[in-house]
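Have a look at the sequence and the structure first, and then read on.

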Amino acid sequence: MDKKILIVDDEKNHRLMLKIHLAEEGFEILEAENGVEALQLIDENDFDLILLDIKMDIMDGFTFLSHMRQKDLHIPVIVITAFSNVKTAVQAMKLGAVDFISKPVDTDNLLDLVKNNLKASSDESISGADNVLKNYVFEGVYSEEGLGKIIEMLKMVAPTDATVLITGESGTGKELVAKSIHDNSHRKNGPFLAVNCAALNENLIESEMFGHEKGAFTGAVSQKKGKFELADKGTLFLDEVVELPLPTQAKLLRALQEKVFERVGGEKSIRTDVRIVAATNRNIKEMVKEGGFREDLFFRLNVFPINLPPLRERKSEIPLLVKFFIDKYSHSFNKLIRGYTDSYIQKLMKFDFTGNIRELSNLVERSIILCTSDKLDASHLPEPEHSDFSEDSAMDVRGNERNLITKALKQTNGNKTKAAEILGISRRTLHNKIKEYEIEV
Ligand SMILES: Nc1ncnc2c1ncn2[C@@H]1O[C@H](COP(=O)(O)OP(=O)(O)OP(=O)(O)O)[C@@H](O)[C@H]1O
Ligand SMILES: [Mg+2]
């Protein structure tokens, strides 16, 4: 049976345009000029989806959504908003809309959205998180104000072979972005391998990157290929790249510049075809100034910089992300959660999110575990803790040092490198202070 879609819009031409495109795809379309008419049609028909304009003279979209809610109608609604009016979209989503599209409507985008949301409604179990994740980064739910510009940049750079340097606080999605660059490149069928450059030992990190010959160092009992070799025809993700020891930085530079390297303890020059994506949550330019990171290597890596803003600077994305994580987790906990109350989002907005999206994800996961109804509400959230780590206070470490250090360690789960960074002091200084104040880690 054809899926039935209701278009609610007070502009006749706009309705017609939408109708033509959707009818072509075999959908059955009914139209309403305003919210009142729409409610009537809903009484008489069984719709699979509603496309809703927000600005209408007789009963606007918001009021219509509230009515739907009161009547407990669970038809997916996609809201059509003026170009990049994200606030409106967010408000509509709080009232239960499942997605939004901005005017002028891009028809391909519209069809994708319609199909995705139809699917979700006919199949109550939530669609695979991985799919959503991939869409999310490029076409799916993100706000223009938030990641919008970055997504545009990603779309441009992904298909090229350009080296990308991703910066951003912990938990902002650097690895996710690196993976999506790979997935949207011509290398997508090749390997995506990550190297954690923060591994402490120089030998280990070099052998991880370039491999080693048998007997190259104590413990090198057999020959091993490095990630540069294994990632041939694929993408190599250099995570926490500023942590590389200086001698390794020199070797990496050569591998990038001349595209050849040798295994540790080996003589044969090896050539591979890898695309490099690097990431760091530290201020790499500062590190260059302080001499901890080679300037020439920095320029090699910084061909296409992408800076991911912290979540507190893109709070408008929170409702979209919450929806995403509900889909993801209710699936794995086998719960049918249909959404959240206004108070849930209001309380979430009060968090500082020093742990960024990872923190939000944990909060939603926790809420789902606690939730015994089909909606998340404020009682499923802990009280927002406000960190004292505005930049000003980080500068003022001396004042209440012990307190700040304890909090920083708590927030980073005892990760001293990250804690030191939040505090704006070196790891060594932090180490000394921990001893001095006898702080338990
Ligand atoms: N835009 C997003 N949409 C959905 N999930 C996201 C998004 N950004 C990040 N996440 C999720 O948040 C978590 C943290 O992201 P990720 O590991 O990519 O961050 P990171 O910047 O690499 O952090 P760190 O510096 O601590 O390594 C992951 O589980 C990731 O899937
Ligand atoms: Mg990471």
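## Helices α14 and α16

Helix α14 passes helix α16 in a right-handed crossing. A crossing is called right-handed if the near helix is turned clockwise from the far one by less than a right angle, and left-handed if anticlockwise. Helix α14 covers residues 318-332 and helix α16 covers residues 356-370, and their axes come within 9 Å and cross at roughly 50°. That angle makes α14 oblique to α16; angles under 35 degrees count as roughly parallel, over 145 as roughly antiparallel, 65 to 115 as roughly perpendicular and the rest as oblique. The axes are lines fitted to C-alpha atoms, for helices over the stretch in contact, with angles from 0 to 180 degrees between N-to-C directions.

Which residues of α14 and α16 meet? From α14 come Ile318, Leu321, Val322, Phe325, Ile326, Tyr329 and Ser330, and from α16 come Ile357, Leu360, Ser361, Val364, Glu365 and Ile368 (contact means heavy atoms within 4.5 Å). This contact is made up of 10 nonpolar residues, 2 polar and 1 charged. Here Ala, Val, Leu, Ile, Met, Phe, Trp, Tyr, Cys and Pro count as nonpolar, Asp, Glu, Lys and Arg as charged, and the others, Gly among them, as polar.

## About the model

This is a predicted model, in which local features need pLDDT of at least 70 and side-chain atom pairs count only at pLDDT 80 or more, while totals for chains, interfaces and linings use all residues. Residues are numbered from 1 along each chain as its sequence is written, chains are lettered from A and ligands numbered from 1 in the order in which they are written, and side-chain values use heavy atoms, with hydrogens and water left out.

Helices (H or I, at least four residues) and strands (E, at least two) are DSSP runs, numbered from the N terminus.

## Helices α18 and α19

Now to another helix pair. The axes of α18 (residues 401-411) and α19 (residues 416-423) come within 9 Å and cross at roughly 130°. That makes α18 oblique to α19, and the crossing is right-handed.

On the α18 side, Leu404, Ile405, Ala408 and Leu409 take part, meeting Lys416, Ala419 and Leu423 of α19. The residues of this contact are 6 nonpolar, no polar and 1 charged.

## Salt bridges

The structure holds 22 salt bridges, a salt bridge being a side-chain nitrogen of Lys or Arg within 4 Å of a carboxyl oxygen of Asp or Glu. One of them joins Arg15 to Glu31, with the closest N and O atoms 2.7 Å apart. This pair links distant parts of the chain, 16 residues apart: Arg15 lies in helix α1 (residues 12-24) and Glu31 in strand β2 (residues 28-32). Arg15 is buried at 8% relative accessible area, whereas Glu31 is partly exposed at 28% (buried means under 20%, exposed over 50%, partly exposed in between, with a 1.4 Å probe and protein chains only). Lys19 joins Arg15 and Glu31 in a network of salt bridges.

Glu286 pairs with Lys289, the closest N and O atoms being 3.5 Å apart. Both sit in helix α12 (residues 284-289), 3 residues apart, so about one helical turn separates them. Glu286 is partly exposed at 34% relative accessibility, and Lys289 is exposed at 69%.

## A mostly covered helix

Helix α8 (residues 174-183) is mostly covered, with 7 of its 10 residues buried. These are Lys174, Val177, Ala178, Ser180, Ile181, His182 and Asp183.
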